[in-house]
Amino acid sequence: MDCSICKIGKTKLNYPPSAFGYSISATNNGVAVCNICYGELNSMMDLMNKSNNSATTYYPANWGTNSARRWKEEAKVEVERAEGEVERMKREVERAKEKEVKQVKEEMQKREERWIDYLGGLAAAFTEESYSDIHVKPGSGPSIPAHKFLLATRSEIFKNMLSSDTCKVAQIDSVCLPEFNHEELETFLEFLYCGNLAAEKFEMHYYSLALASHKYAIPHLQKFCEEHILELLDSSNALKVLEISEICSNETLKDAALGLIIDYKDEIISSPGFQEFAIQNPHLVVHILRYACTQF
């Protein structure tokens, strides 16, 4: 016999005529249904009648409010759990970054130490005056022994100077750099040999070193001066840095110096050295005024 509901399945069961208090058949013998439809009917009737075979589902007082409050608390707990997981992942990422940065720093330090060891022989040759073949004369004070090969490899200007026709005809044993005094020249040569300087020495001689890096076309010294002068830059030396930037055609130093001069204009303009600076560098005063106009 076909199922009275789906009309497809073959019936093996008769659904009772008054199941759960509902009569669903006009006959007294129930309705013929298949197993599948029988199960679905039972589920539907259970859903419709949860209490004592009644067609009405009864909920306790404040059920909606209490359920909403419970769902809100459960959602809050889930959000807190998710936020905690995000924070944990952030901490793991930060630890991984710190570890990676630490490894990079350690590797850089090892390379620097190897580089210093490698240059140690040149530094020793400079301090011990070993096998020197030329004397470098400052504008004032005694000359300093050096090595032609090193001067030539550090600067194209020195290379051309030492390989000129005049030098080929008569072997020279000295060269004069009159813009330096003895202490400045010693610091300049120390950098050429070692590729680095102590902070105190650089701070004392950064003006002469920056001008020499430009005059003798020494890229490594130019970059070294730029980076370290930016670190030294303040209201007390901003005018001098601006002067350096103009002579060396360094836009990075110029922008930094101009910005700081404008930031501390009252202090700098009223300083004792500003009048002398303005007399010696009127074109730079014009630069300052033009830059100030762009900031307001």
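A search of the whole structure turns up eight salt bridges, where a salt bridge is a side-chain nitrogen of Lys or Arg within 4 Å of a carboxyl oxygen of Asp or Glu. Before the details, note that this is a predicted model: local features need pLDDT of at least 70, side-chain atom pairs count only at pLDDT 80 or more, and totals for chains, interfaces and linings use all residues. Residues are numbered from 1 along each chain as its sequence is written, and side-chain values use heavy atoms, with hydrogens and water left out.

Start with Arg88. Its side chain meets that of Glu85 in a salt bridge, 2.4 Å from N to O. Glu85 and Arg88 are three residues apart in helix α2, residues 63-128, so about one helical turn separates them. Helices here are DSSP runs of H or I, at least four residues, numbered from the N terminus.

Arg88 also forms a salt bridge with Glu92, with the closest N and O atoms 2.3 Å apart. That pair is four residues apart in helix α2, so again about one helical turn lies between them.

How exposed are these residues? Glu85 has a relative accessible area of 30%, Arg88 has 31% and Glu92 has 38%. Each counts as partly exposed, which means between the cut-offs for buried, under 20% relative accessible area, and exposed, over 50% (1.4 Å probe, protein chains only).

Next, helix α8, residues 219-232, where Glu226 and Lys223 are three residues apart. Their side chains meet in a salt bridge at 3.5 Å, N to O. Glu226 is buried at 15%, whereas Lys223 is partly exposed at 45%.

Notes: Helix = DSSP H or I, 4+ residues; strand = E, 2+ residues; numbered from the N terminus.
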